[in-house]
Amino acid sequence: MKKRALAPEKSRKNVSSKTLEEYTDTLSQMINCKTVFTHNDENKAEFEKFYKILEERFPTLTQRAERLTFGSGCFVYIIRGKNAQKNIMLMSHHDVVEGGEDWHTEPFCATIKDGAMYGRGTIDTKTPLFAELQACEELLKENYAFDGINLYIGSSNNEETCGDGMVLATEYFSKNGIHFEAVFDEGGAITTGMVPSVKEKSAMVAVHEKSRHMYRCTVKKVQKGHGGLNQTSSNPISQMTAFIHEVESSKIYKSSLSSEVRGTFEVHAPYMQFPLNVVMGNISLFAPVIKKVMQKMPPARAMLSTSVAFTTISGGSPLDPQIAAKEVTSTMFLRCIREDDLYQGLEKIKKIAAKHGVEIEEIERDYCQPTDWKTKQFKMLESVINDVFPDVIVAPFLLVAGTDARRFTDVADNIFRFAPIDLNQEQYASVHGANEHIMLQNVGQCVCFYKELIRKFTV
């Protein structure tokens, strides 16, 4: 990869101070709504207030776009363009996690301090949602034609709880033959210090995320006679624990460098200091060394292979602990980078299970296909980022967390996870933590980004 000359941060696209004040006012009202999803609708009034704000603050979009609702509050706006040949989806969920402790401000009351807005959702992810809606509002007011595309703007009300919002939406899209050329969701951001020895800022675009596969593991034993008088060292509990121990100690899954991880290093190599620039610039040659180093860092280790974790185990009766359990169950949670790798390892796990009398049943499969970061669509996204943020490196990466975007694997050709938020280490730590905040200047840049993105993907 070639090193691109980066412009100074002051060259970023932005909006006037008056426009930024208007943006800040709208975003503040969105932040002030405590949209924490609960299954008993505890915050239903807060969600209704939030939806009312969207109607009032984005009147042109409300009037001219079609609006679909899925489940208890997941919504999708549709702007139908002229001569539409393709569909594009912009996404950001509007539910947030609880406020938590150690805040310097009230988490559900937007507070402006030191050039930043504090409040739950400023990063995750009401600011991106505001910017998407605001970009569409402005383009519609300008009578922008949206030539060649149908633009969808989707937002789930229960992403934080792995809810059904976008699941129902994608089922609708599949049933109605609606396929997307590209989907844009949260997941990556503009960060500093995420790649060793690189001093420049990086726009990290997640082109893949680790999947979620759940299996129920069960041991059953028919006990003859009085259980308390027929104790044995070979029982469902000992069988299950022996199975778990052998799986965890067998190193079923070997580490490898996926194309996404290689891409992160390849793009950043020219910006690294010696000797890392040489190592990462020759990944095939130094792959064993790179993997060995990454294995020592938990966040990096998660990017190397399928992970196995036993998350629950139960059996026996607490009311009669003298009687051995006749049935023991455990949940095995696997997260893979590539599904073929998962299934190859699963065959080995099943052989271990058979040896210990354990039955394995799949109870959840949640796999998302990776997106090739060398496609035309990625290059188009890269050019938009370079245009709005000319001071940053644009690189693909593998996300080890989860997003609503994974729901689109069967109805989209390209899935990109990137929010144009510029995060320092303090802000990064505030996601799901205390004192979540965004710099005000960045709010205007977010709107500029989505306007350019829409223009770029319009024929």
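**Figure 1. Ser156 in the loop between strand 6 (149-155) and helix 5 (165-175)**. In this predicted model, Ser156 has a relative accessibility of 1% and therefore counts as buried. The side chain of Ser156 makes a polar contact of 3.0 Å with the side chain of Asn158. A polar atom of the Ser156 side chain also lies 3.4 Å from the backbone nitrogen of Glu159. When neighbours within four places in sequence are left aside, Ser156 is in contact with Cys74, Ser92, His93, His94, Asp95, Gly165, Met166 and Asp404.

**Figure 2. Strand 7 (residues 182-185) and its pairing with strand 3 and strand 15**. Ala182 and Phe184 point one way from strand 7, whereas Val183 and Asp185 point the other way. All four of these residues are buried. Strand 3 (residues 86-91) runs parallel to strand 7, and three bridges join the two. Within this pairing, Ile88 has Ala182 of strand 7 as its bridge partner. Strand 7 also pairs with strand 15 (residues 415-417), again over three bridges and in the parallel sense. Here Phe184 stands opposite Phe416 of strand 15.

**Figure 3. The open sheet of three strands in the order 4-5-16**. The pairing in this sheet is antiparallel. Strand 4 (111-113) and strand 16 (437-439) are the edge strands, each pairing on one side only. From one strand to the next, the twist averages 25°. Three bridges connect strand 5 (residues 116-118) with strand 16 in the antiparallel sense. Met117 has Ile438 as its bridge partner in strand 16. Helix 14 (residues 440-456) packs on the sheet and touches strand 4, strand 5 and strand 16. The direction of helix 14 makes about 75° with that of strand 16.

**Figure 4. Helix 7 (residues 259-268) and the elements that pack against its buried residues**. Seven of the ten residues of helix 7 are buried, so this helix is largely enclosed by the rest of the structure. The buried residues are Glu260, Val261, Gly263, Thr264, Phe265, Val267 and His268. Their packing partners are strand 9 (201-209), helix 8 (276-280), helix 9 (283-295) and strand 14 (392-399).

**Figure 5. Asn386 in helix 12 (residues 376-388)**. The side chains of Asn386 and Arg4 are joined by a polar contact of 2.9 Å. With residues up to four places away in sequence not counted, Asn386 touches Arg4, Val392 and Val394.

Figure 6. The C-alpha atoms fill a box of roughly 80 × 55 × 50 Å along the principal axes. For 459 residues, a compact globule would have a radius of gyration near 23 Å, and the 25 Å of this chain agrees with that value. Of the 459 residues, 54% count as buried. Among contacts between residues at least 6 apart in sequence, 80% join residues at least 24 apart. The accessible surface of the chain comes to about 20800 Å², and 51% of this surface belongs to carbon and sulfur atoms.

Note on methods:
Residues numbered from 1 in each chain as written. Predicted model: local features only at pLDDT ≥ 70, side-chain atom pairs only at ≥ 80, totals over all residues. Heavy atoms only, no water. Buried < 20%, exposed > 50% of the residue type's maximum accessible area, 1.4 Å probe, protein only. Helix = DSSP H or I, 4+ residues; strand = E, 2+ residues; numbered from the N terminus. Contact = heavy atoms within 4.5 Å. Polar contact = N/O pair within 3.5 Å; in protein donor to acceptor, adjacent residues only side chain to side chain. Pairing = 2+ DSSP bridges. Axes fitted to C-alpha atoms, helices over the stretch in contact; angles between N-to-C directions. Rg over C-alpha atoms; globule rule 2.2 N^0.38 Å. Areas by Shrake-Rupley, 256 points an atom, 1.4 Å probe, with all protein chains shown as cover.
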